[in-house]
Amino acid sequence: MALTSPRFAGNLRLQQASENLPVMRQGETSDAVILLQDALIDLGFPMPNSTKNGESLPDGIFGQETKKTVTDFQGQQGLIRDGVPGRNTLHTLDRLFQHEREYYLFPLARYMDGWSTSTSSDKRK
């Protein structure tokens, strides 16, 4: 079953991981990892190492911090706590973001100066 939330639907790597083809693992570096990290941060899981204490975009590196944060999310959601964002973890995240605004058509734009994410139009301030 494909990921359908605006946040995840357009990312091929996340779609593959959501079907365990293959799952995401520690050491992976990609835009898919940035989207994963960003989703976890938006759900209230701090990632100070990956964001330079909130001063930058998530780094996109699936390191120890990302694995621990995925494990914490899994525990909160009653999933198996293995730190691996595969089918169950990604589909749970996808459900949580189903009704998110369309600004995620341009997911990284909200980190750029001068971009507004308060509406779905992604217009400059």
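Residues are numbered from 1 along each chain as its sequence is written, and side-chain values use heavy atoms, with hydrogens and water left out. Because the model is predicted, local features need pLDDT of at least 70 and side-chain atom pairs count only at pLDDT 80 or more, whereas totals for chains, interfaces and linings use all residues.

The chain contains 4 helices and 0 strands, in the order α-α-α-α from the N terminus. Helices and strands are DSSP runs numbered from the N terminus (helices: H or I, at least four residues; strands: E, at least two). Of the 125 residues of the chain, 44% are buried, where buried denotes under 20% relative accessible area with a 1.4 Å probe, protein chains only. The accessible surface of the chain (Shrake-Rupley method, 1.4 Å probe) comes to about 6900 Å², and carbon and sulfur atoms contribute 53% of this surface. Among contacts (heavy atoms within 4.5 Å) with a separation of 6 or more, 50% join residues 24 or more positions apart.

Helix 2 (residues 31-42) packs against helix 3 (residues 64-77) at an angle of about 50 degrees, with the two axes 11 Å apart. Axes are lines fitted to C-alpha atoms, for helices over the stretch in contact, and angles run from 0 to 180 degrees between N-to-C directions. Helix 2 is therefore oblique to helix 3; angles under 35 degrees count as roughly parallel, over 145 as roughly antiparallel, 65 to 115 as roughly perpendicular and the rest as oblique. The crossing of helix 2 and helix 3 is left-handed, that is, the near helix is turned anticlockwise from the far one by less than a right angle. In this contact, Leu36, Gln37 and Leu40 of helix 2 meet Thr66, Thr69, Val70 and Phe73 of helix 3. These residues comprise 4 nonpolar, 3 polar and no charged (nonpolar: Ala, Val, Leu, Ile, Met, Phe, Trp, Tyr, Cys and Pro; charged: Asp, Glu, Lys and Arg; polar: the others, Gly among them).

Helix 3 also packs against helix 4 (residues 87-96), at an angle of about 70 degrees and with the axes 11 Å apart. These two helices are therefore roughly perpendicular to each other. Val70, Phe73, Gln74 and Gln77 in helix 3 meet Thr89, Thr92, Leu93 and Leu96 in helix 4, a contact with 4 nonpolar, 4 polar and no charged residues. Within helix 4, Thr89, Leu90, His91, Thr92, Leu93 and Asp94 are buried. The cover over the buried residues of helix 4 includes helix 1 (12-17), helix 2 and helix 3.

Definitions and conventions: Buried < 20%, exposed > 50% of the residue type's maximum accessible area, 1.4 Å probe, protein only.
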